[in-house]
Amino acid sequence: MTATAPTPLAARPLPAEVVRELARLRSSADHLRARATAAAAAGIGVALLMAVSVAAIPNANDPDVYQLSAAQPGLAPYLSQSGLRPGAVMAALLLVLPFAALAVQALRVGSLALHRQAGLLALAGATPADLRQMRVARTRSAFLRGGLYAAPAYLVLWLLLGLALPPGTRLLPAPQWWLPLAWAVVLAVLAGVGALLGVRTPLTGDNEEDGVSAALVRLGARSGRPVRLWWAVASGVAAALVVSYGIRWGSGSDYSLPLLLLLLGAAVLLAATCAALLLARWAASSPVGRQTRRVRSARQLRRGDAAVAMLAGAQRRANPVAAGTVGAVLFVCGLSFGVEAVLVTSMFTATYGYGTGDLLFYIGGAAVAATVAVVGALVALLALALSLSDHLLATRRSVAAVAALGLEPRRLLGVQRRALTDTAVPAVVSGSLVGGLLYQWVYVLEHLADVGIYSAGVLAASVLAGVLIALACRLVVVLLAGRVRAAAALEHLRTP
Amino acid sequence: MSTGPSPDQVPLLELDGVSHAYARTPALREVSLTVAPGEVVAVTGSSGSGKSTLLHVAAGLLRPQAGRVHLLGHDLAGVDATARAVLRRSEIGIVLQYVQLVPDLPVLDNVALPLTLNGSSLAAARTAAADALAEVGLTDAASAAPAELSGGQAQRAAVARALITSPRIVFADEPVASLDPVGGRQVLDLLRGVTARGAALVLITHDNTVAALADREVRLRQGSVEHEAVLR
């Protein structure tokens, strides 16, 4: 018996035209994923351009941190005063978080179909590298498309929040000559982030040990990577913080103080996000978390519509990443509400008194900060709605089966409402309580104020935030009603 | 009784003492099997006997927990995921009962897929795919989406894709189980045609009439080879 030499099994990178063809958007889920990702990337791009534009407002030569910028007259004091500017930059950077959560969620739209497609491509002979190449092509192009909208969107925002407002209240500086340059950098950053997310989002066919066979069966496998991504970003910010502190310490000047405060704030926010994410994961998987959930589920089952509670719980458990990521962002928004509640309480109760001008200044600042937090919460809620909508699409057969069993559309909508509120309301309320109560202690100790009044203020703000987010959840469900009814169509019982 | 390829033939596939379990449920127990060029081997057995697991292990879709798999001269234990994918798209044809055509690609591109993944230009791959579709009588369905095909048409498209690279061995898992007798016969004829050029066919089936078309039958029971017989 003579043995013939086996054929060498070397893989070549796919030609660009093949990658383009296979990565082309075809299904409605593909288009929705690309559009939602591009919108999120545009949001990130606008937030970054806002942060850069505000940070670049030139100072006068006076070292006083309260100096006004002479180069951009007409700006609101939060931007024109050099000492307050880091806060405005921070607010703009804060907006990156919900848009990042939206991007992470947007990339998961149609994930079941994506897993299935990747399994089938692997069966036909696509290597893990080929699959990665296709994913990178898709995510990078969506991020780039979003990035292209960033500068035009910034100009529109400047018209609305800058030019259209009376002098002295303008919230965005006029575009400068270097804006195209900053836009190009933002585009490059977004392309890099898109490629990174494409590489890091695992799909069927990647895991050698599982093999294609298992991948074809386990089509709905979920990923825990976003948590690690958040940690990576937080580590990057922390490293920048250490470096900037080192520079400041080395130079012996206060020049980098605003940057230091900025990075410190970003590091705290990201650490809070990571902690909330990990807490959500722990609550979902640890014995204590499971027991708590069982007790809570039993209580809910006794208290209300058992079927709705059970289905809503199952829906949330089916996508812990979306619930965790969005919950974390909403928690951070809640932190902001809590801190603002203390500041507003102080404006109305401080014994040393505010002048009318001061009061307007502080109320205006709190209103701007609250608006940023509300925008962040709404974007996070949008991410959750996107996840829910996608889940409905992926599980339309079982939704139709539940409808066939006799669960009427009204209660199906109740399931969605419950799934949304059970994630969003506790996150916002707990964030508001934690942020408010922690900050009130600092404030009370500093100003020797009455702790009771501040606690009442924080409590009232937390209740208000909870009610508002619950109403927003109801609104989202009204908007999703068509999709819920479509998912419950009995014809899905015949589709695979 | 020990049956298999004659001593002068180099086996295309050789399984030696292969075992595999899902969690604690054994699916294959110490299975050995050889397949020679030009041979049609039917692997039969009732549901849950391990037939599909055997195919997935033999085709390199699943790593067995014990034993050795030699496929086309490669010891699969030492072949990584990328090399196995290259092997699948260049020298192996696989036909499954369900889930095989990519739903978002038109039928023509589905059939062209192994060639495009192998580095062919789109135009060249599509020309070859059109020829392959003509051979299975699906020229009119080239631009259709897989969802628009009947079960028999989808299966013939899958066969066209499996054969487009002129593979040296074809694995087919219950390829006619969901087809009517006429459609089933067409698909089996197409598959059996590969032996004319010296390729082998491994047919997984629970249907005795399908198994009767093979040169050799290997019957599995509870993950072990229960019986092996030369049929022609």
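Trainee: How many residues does the contact take from chain B and from chain A?

Mentor: This is a predicted model, in which local features need pLDDT of at least 70 and side-chain atom pairs count only at pLDDT 80 or more, while totals for chains, interfaces and linings use all residues. Residues are numbered from 1 along each chain as its sequence is written, chains are lettered from A and ligands numbered from 1 in the order in which they are written, and side-chain values use heavy atoms, with hydrogens and water left out. With contact taken as heavy atoms within 4.5 Å, chain B gives 46 residues and chain A gives 38 residues.

Trainee: What is the area buried between chain B and chain A?

Mentor: Buried area is the accessible area (1.4 Å probe) that two parts lose on being put together, summed over both. Carbon and sulfur atoms give 63% of the area between chain B and chain A. Asp104(B), Leu117(B) and Leu122(B) supply 16% of what chain B buries against chain A, more than any other three residues. The area buried between the two chains is about 3400 Å².

Trainee: Which residues meet Arg89(B) or its partner chain in a salt bridge, and what is the partner of Arg89(B)?

Mentor: A salt bridge requires a side-chain nitrogen of Lys or Arg within 4 Å of a carboxyl oxygen of Asp or Glu. In one of them, at 2.9 Å from N to O, the side chain of Arg89(B) meets that of Asp130(A).

Trainee: Which helix gives the largest share of the side of chain B that touches chain A?

Mentor: Helices are DSSP runs (H or I, at least four residues), numbered from the N terminus. The elements giving two or more residues to this side of chain B are helix H2 (81–91), helix H3 (107–117) and helix H4 (122–135) of chain B. The largest share, 10 residues, comes from H2(B).

Trainee: How far apart in helix H2 of chain A are Asp30(A) and Arg33(A)?

Mentor: The side chains of Asp30(A) and Arg33(A) meet in a salt bridge at 3.1 Å, N to O. Both lie in helix H2 (residues 28–55) of chain A, 3 residues apart, so their separation is about one helical turn.

Trainee: At what angle do helix H6 and helix H7 of chain A pack?

Mentor: Leu114(A), Gln117(A), Ala118(A), Leu121(A) and Ala122(A) in H6(A) meet Leu131(A), Met134(A) and Arg138(A) in H7(A). Axes are lines fitted to C-alpha atoms, for helices over the stretch in contact, and angles run from 0 to 180 degrees between N-to-C directions. The axes of H6(A) and H7(A) are 11 Å apart, and the angle is about 140°.
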